[in-house]
Amino acid sequence: MSDLTDLTLAEARDGLKAKSFSATELTKAHIEAIEAANPALNAYVLATPEHALAQAKEADARLAKGEARPLEGLPLGNKDLFCTNGVRTTACSRILGDFTPTYESTVGANLWNAGAVMLGKLNNDEFAMGSSNETSAFGPVVSPWRRTGKTDKLVPGGSSGGSSAAVAANLCLAATATDTGGSIRQPAALTGTVGIKPTYGRCSRWGIVAFASSLDQAGPIAKTVRDAAIMLGSMAGHDPKDTTSVDAPVPNYEAALAKGVKGLRVGVPKEYRVEGMSKEIEKLWGDGIEWLKAAGATIHEISLPHTKYALPAYYIVAPAEASSNLARYDGVRYGLRVPGKDVIDTYENTRAAGFGKEVRRRILIGTYVLSAGYYDAYYLKAQKIRTLIKRDFDEAWSKVDVVLTPTTPSPAFAFGEKTGDPIAMYLEDIFTVTVNMAGLPGLSVPAGLSSEGTPLGLQLIGKPFDEATLFQAAQAIEDAAGRFTVGDRWWAAPSSGAKKKPGGK
Amino acid sequence: MRDAAKSGGKSKASNLIAGATGDWEVVIGMEVHAQVASASKLFSGSSTAFGAEPNSHVSLVDAAMPGMLPVINEECIAQAVRTGLGLKAEINLKSVFDRKNYFYPDLPQGYQISQYKQPIVGEGEIEIDVDGETKRVGIERLHLEQDAGKSIHDQSPDYSYVDLNRSGVALMEIVSKPDLRSAKEAQAYVTKLRTILRYLGTCDGDMEKGNLRADVNVSVRKPGDKLGTRCEIKNVNSIRFIGQAVEVEARRQIDIIEDGGAVDQETRLFDPGKGETRSMRSKEEAHDYRYFPDPDLLPLEFDQSYVDDLAAHLPELPDQKHARFVKEYGLSAYDASVLVAERDNADYFEAVARGRDGKLAANWVINELFGRLNKEGKDIEHSPVSSAQLGGLVDLISAGTISGKIAKDLFEILWTEGGDPAEIVEKRGMKQVTDTGAIEKAVDEIIAANPDKVEQAKAKPSMLGWFVGQVMKSTGGKANPAAVNEILKTKLGL
């Protein structure tokens with residue numbers, strides 16, 4: 001039998017049902033893969049093998065009784081932004097220290113109640129602020145992808161870099177992730193994986209460490225479009241504990257895959273042809289258009305005139321909300337405390353030591369734009385732009401069913417390449433933030449390789465709560481483009497000699 | 001202007017404060033924080049019960065654990081709408097919760113969820129009575145917000161402790177317009193507001209527990225001038241202190257201005273022990289709260305039918321009850337005011353008065369019962385005499401079975417021993433003697449024993465009172481006074 005970690009989520013599910021292997025075997029294979037890979041990739045900040053094996057044991061019992069739930073026995077990784085009951089949760093920030101929640105995020109609980117197995121907590125940019133996973137307090141994640149013939153360490157994207165790297169390196173069947181400005185789609189694009197940020201309100205935010213409340217959404221990163229559809233089906237749903245979550249039925253996304261794209265109207269926004277866009281991204285986009293056309297869709301040029309304001313407006317709204325959301329990390333009740341001579345001094349010491357540079361930068365920007373005298377010029381104006389962006393899309397939906405764009409302006413970059421230039425890093429989100437600002441669903445699907453031999457993704461944007469159409473269209477692209485997996489497992493230690501456990505308390 | 005104000009009629013000038021340079025007018029606006037009467041907090045299911053062990057009513061949301069989200073408690077919304085209706089105020093069908101950002105150890109989120117630009121209740125008004133005159137005081141707005149926890153500084157030499165039981169409890173901040181012109185008016189305003197809240201059942205008004213507290217904005221000016229610079233006196237927690245705080249603050253500001261200085265806009269604290277206000281923080285030290293709409297909460301929206309339904313089930317309010325008591329029971333405005341001040345008192349009175357002589361009932365409730373309750377520090381809820389017993393007593397008076405004097409004895413028995421009034425009167429022989437034969441006998445005895453007084457009475461008819469007293473004494477107070485008078489007059493030939 002080939003390596004169980006090579007399986008897709010759907011294949012593993014079917015294999016478990018067919019009793020080709022047990023959930024325990026499947027889980028053990030992943031635990032071993034993590035042990036072998038993590039010293040090189042740093043995708044997991046905390047592996048929880050005992051926890052995983054206990055869940056796998058229960059899954060095997062249910063499978064034996066024929067009482068399998070939708071994700072029975074399927075091992076997943078969980079981004080460290082999701083609070084986990086009894087398991088350390090840090091958002092990859094020093095300020096949370098060894099914080100161990102007494103509660104499970106709703107999305108996490110949905111997955112475990114569907115039978116899934118948690119392998120551990122995945123690395124991410126600190127508080128999900130970053131596009132390269134280089135701001136994590138646990139150090140950067142190394143992408144399993146390398147440029148052809150090179151060994152430079154590449155970033156796996158961010159902030160869900162642990163999720164994208166773990167899925168691409170077969171260290172889990174699929175992973176949870178979150179997306180505030182592109183944190184699911186950009187890492188998915190950079191690692192040849194599929195990621196979907198659902199409509200704002202589709203998944204509960206309860207129990208997920210908040211970055212920017214009006215933009216944050218949970219979603220999966222998976223190996224295939226089908227796997228992403230299966231994952232979202234279990235993650236989504238109304239939660240009375242999050243009043244911004246929407247009480248609407250969750251369709252069977254997996255069943256929607258078979259529908260195809262015949263007659264689907266695909267919009268191509270001219271404003272996304274940004275200045276200096278590389279030839280290969282342009283070609284990728286053209287390929288996507290042709291594939292969809294060949295599968296029966298119609299292509300329409302559309303205009304989203306306020307697109308150019310999305311990124312600057314995003315970098316007002318997101319830091320503003322973050323500056324307030326992160327005020328609770330004050331050293332009083334949990335997490336890090338660095339005592340000072342009085343309470344103000346304690347706040348200052350704690351927050352200076354606890355937050356990394358990028359987080360501090362965003363708290364300062366956010367505090368500034370909300371200050372008296374600046375609020376109207378920045379925050380209020382940014383919210384108005386948001387309304388205009390939404391209106392652009394509302395108009396587009398009268399002509400098209402789905403919008404096709406590139407996910408990122410360029411392929412994966414090397415460590416340190418953009419860390420000195422925050423603007424260059426922020427530009428990573430140029431095609432993705434618009435979707436968060438409008439609250440729409442967006443999906444990234446692998447569509448080709450760059451001239452450097454690294455993955456590139458296409459983004460599909462849908463109508464509110466129409467994730468099903470995104471999966472259909474993405475399936476057409478995946479069918480045409482094929483899957484992109486890393487050939488050489490350079491990261492795996494030659495033997496099981498590498499016993500260094502990842503993360504670990 | 002000043003001279004005109006000075007000479008302009010005494011009654012108009014009654015609120016003015018005399019200074020070295022002439023009379024001053026004090027201008028007061030109030031911000032009252034009233035704890036919403038609700039079983040659980042504004043955004044979490046934790047209990048709001050008072051007096052629990054520290055940190056025993058704290059949910060994950062109240063402690064601002066990572067990833068926690070607020071969920072609006074619908075009962076708190078209904079209570080705010082009811083209060084708005086009671087204040088005859090505009091109810092906003094759409095309102096927005098904002099975050100007020102500041103750092104403090106007893107503020108776990110690092111922000112207070114409050115309503116800033118779009119409150120749930122808009123403009124309304126309250127009628128107050130001061131010195132027999134009715135005045136309308138404008139309400140600017142009412143908004144909902146979270147209370148903070150409590151910092152405890154006296155438990156350890158090295159640390160402060162935090163109790164989060166109050167963290168997240170719903171408060172209504174009720175802001176008046178600057179319509180008040182004296183300490184008395186300020187006190188009458190808070191008293192009336194408290195009465196309305198208690199009638200509505202939307203706040204228990206318990207100032208000792210801090211469930212109702214006032215920030216008092218005070219400024220002074222020469223009558224007719226534009227508004228002066230105001231100071232805000234924070235967290236005044238009794239009606240008496242509100243009066244004192246206004247008076248000392250107005251005097252302080254007048255002294256500053258008359259000494260050639262200027263009042264600084266600032267937040268001050270009232271020290272009841274020293275009878276002074278002192279600076280807490282200046283305008284320059286004021287926080288920049290960085291208000292913005294809370295992205296965790298959608299705008300709060302409901303329709304008019306929701307408001308109409310709450311309005312339809314609103315209890316009778318003090319002003320309506322007052323008008324009805326005057327009309328239905330023929331009470332004086334003053335008696336009606338005393339009775340409606342507390343809903344329990346009014347209810348008690350009505351139980352006594354229904355189907356009886358309203359004025360007589362009011363007299364007994366106010367003078368005898370309230371007097372006695374006051375003296376013994378009891379409230380109506382713990383009255384030893386029930387409304388049924390007092391009603392029975394009134395019945396016995398109205399039927400002429402007992403005299404007013406005997407009724408007082410009966411009241412004493414009811415207070416100390418209890419029992420059924422009619423039975424007590426029957427068993428203890430307290431019935432009024434209306435048998436003229438018995439009274440005549442008593443009168444004859446008195447006349448026979450006091451020939452000198454009989455002579456005097458002939459010259460001075462007001463001596464009749466002495467005879468009445470003697471007869472009452474000899475009959476143990478049970479003789480019908482009217483009959484005694486009649487018989488005495490005849491026998492003495494007056």
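The centres of domain 1 of chain B and domain 3 of chain B, taken over C-alpha atoms, are 65 Å apart. The bounds of the domains come from an automatic or database domain assignment, and the table lists them.

| Domain of chain B | Residues |
|---|---|
| domain 1 | 2–306 |
| domain 2 | 316–427 |
| domain 3 | 436–492 |

This is a predicted model, in which local features need pLDDT of at least 70 and side-chain atom pairs count only at pLDDT 80 or more, while totals for chains, interfaces and linings use all residues. Residues are numbered from 1 along each chain as its sequence is written, and chains are lettered from A and ligands numbered from 1 in the order in which they are written.

Helix α3 of chain A covers residues 49–65; helices are DSSP runs of H or I with at least four residues, strands are runs of E with at least two, and both are numbered from the N terminus. Its 17 residues reach 24 Å from the first C-alpha to the last, close to the expected 24 Å, which is 1.5 Å times one less than the number of residues.

Buried residues of α3(A) are A:A52, A:Q55, A:A56, A:A59 and A:D60. A residue is buried if 20 or more other C-beta atoms lie within 10 Å of its own, exposed if 12 or fewer, and partly exposed in between, with C-beta atoms placed from the backbone. Seen down the axis of α3(A), the buried residues fall within an arc of 150 degrees, so they line one face of the helix; the arc is that of the directions from the helix axis to the C-beta atoms. The face turned away from the buried side carries the exposed residues A:E50, A:A61, A:A64 and A:K65. After α3(A) comes A:G66, with a positive phi near 70 degrees.
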